Amino acid sequence: MLKRRIEYIAPFDGKVEDILKCKGISSSICVALRKSLGLVCRVVNGKEIPVRLIDMLSQGERFCIYLVDENITTIPKLDMPVNIVYEDEDIAVIDKTAGIAVIPVKAHYGRCLANALANIWGDFVYRPVNRLDRDTTGLMIVAKNQLAHSKLTTEHIHREYVALCSGVFVGEKSGEIDLPIKRVGDSLRRQVDPTGDNALTQYEILKQYSDYFSAKFVLKTGRTHQIRVHISHMGYPLCCDRLYNPNFGPIICPNNKTLDRQALHSCALEFVHPISGKTMTFSSKAEFL
């Protein structure tokens, strides 16, 4: 069992549950806190006195909650280095390398990021926030408890990517791609489809090279393969993208390195820390630029 203690000060006179919701604690977490006396406590002279969610607190009164993860499933441990660029009790920011899946699925059983983190942290509940494709590199967040995860929705995270895209770009050098995306049958592929989910990507063309160009993308929604689908639909699929680029062979990058996987990198994240409220900013350089 994993337990995280968080202390607050009541901002007004009211029921414990009303104050918790004012603090951004979801109804589902309140339900979990209601299950056992002692998960919410009034703090008096350094001592904790259990209270119920229907009890009253006074403005300025200190209280704490305990977030508990029970029945944690043991998963295989993967002895692989993970570049954790920031970590505290609530979140970890990881600079992911290519070739490792973020989501544990049958095809990558025992060989995903969850397994590598379990080897470092021990058994835990895996809560990735912004998910990257297996061969996409760069910054991503893992929440370490249910409250952090509930507050870190992708819509509230500023996410920037850089990429190399095939072709000679023609058109406006910056703009928005506002086209819905839908899964193609039972396959991994997605496509632009008027019946799909709304998807909005901002783009800026950075530099044109001989037969490809560099670009920056800002995600305003979080659809699977969103950048890959949108830029492919425009006629400029990512270099080396085996799923969306029919000419996916290796390329020589601007820095003279050879690349044989999709040229997409999560280069910047900015978000408000789900517990402290501090603005967090991170950046990472792409290996292909």
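Here are some numbered notes on this predicted model, written for someone new to reading structures.

1. **Ground rules.** Numbering starts from 1 along each chain as its sequence is written, and side-chain values use heavy atoms, with hydrogens and water left out. As the model is predicted, local features need pLDDT of at least 70 and side-chain atom pairs count only at pLDDT 80 or more, while totals for chains, interfaces and linings use all residues.

2. **Helix α2.** Take a look at residues 27–34, which form α2 (helices are DSSP runs of H or I, at least four residues, and strands are runs of E, at least two, numbered from the N terminus). Its buried residues are Ile29, Cys30 and Leu33. They sit on the same side of α2 because they cover an arc of only 105° around the axis, the arc being that of the directions from the helix axis to the C-beta atoms. "Buried" here is under 20% relative accessible area, exposed is over 50%, and partly exposed is in between (1.4 Å probe, protein chains only). The cover over these residues includes α1 (16–22), β3 (40–44), β6 (62–69) and α4 (146–151).

3. **A salt bridge across the sequence.** The count comes to 17 salt bridges, each a side-chain nitrogen of Lys or Arg within 4 Å of a carboxyl oxygen of Asp or Glu. One of them pairs Arg4 with Asp90, with the closest N and O atoms 2.8 Å apart. Arg4 is in strand β1 (residues 2–9) and Asp90 in the loop between β7 (84–87) and β8 (91–96), so this pair ties together parts that are 86 residues apart in sequence. Arg4 is buried at 14% relative accessible area, and Asp90 is buried too, at 3%.

4. Lys21 is partly exposed, at 40% relative accessible area, whereas Glu17 is buried, at 18%. Elsewhere, salt bridges that share partners join Arg5, Glu7, Glu48 and Arg62 into one network.

5. **Thr136.** Is this residue, with its relative accessible area of 2%, buried or exposed? Thr136 is buried, although it lies in a loop, between β9 (127–128) and β10 (137–143). Setting aside neighbours within four places in sequence, Thr136 is in contact (heavy atoms within 4.5 Å) with Lys96, Thr97, Tyr161, Gln262, Leu264 and His265.

6. **The largest pocket.** The largest pocket holds about 1,100 Å³ of space. Of its 40 lining residues, the closest to the centre are Leu132, Asp133, Arg134, Thr224 and His225. (On a 1 Å grid over the protein atoms alone, a pocket is an open set of points with protein on both sides within 12 Å along at least five of seven lines, and lining residues have an atom within 4 Å of a point; the volume is the space filled by probe spheres set on the points, which are joined across faces, edges and corners.) Arg134 is partly exposed, at 38% relative accessible area, and its side chain meets that of Asp135 in a salt bridge (3.9 Å, N to O).

7. **Helix α5.** Which helix gives the most to the lining of the largest pocket? That is α5, with three residues. α5 is mostly covered, with six of its eight residues buried: Gln226, Ile227, Arg228, Val229, His230 and Ile231. After α5 comes Gly235, whose phi is positive, near 100°.

How values were computed. 1 Å grid on protein atoms, 1.4 Å probe; cavity = no way out; pocket = protein on both sides within 12 Å on 5 of 7 lines; lining within 4 Å.
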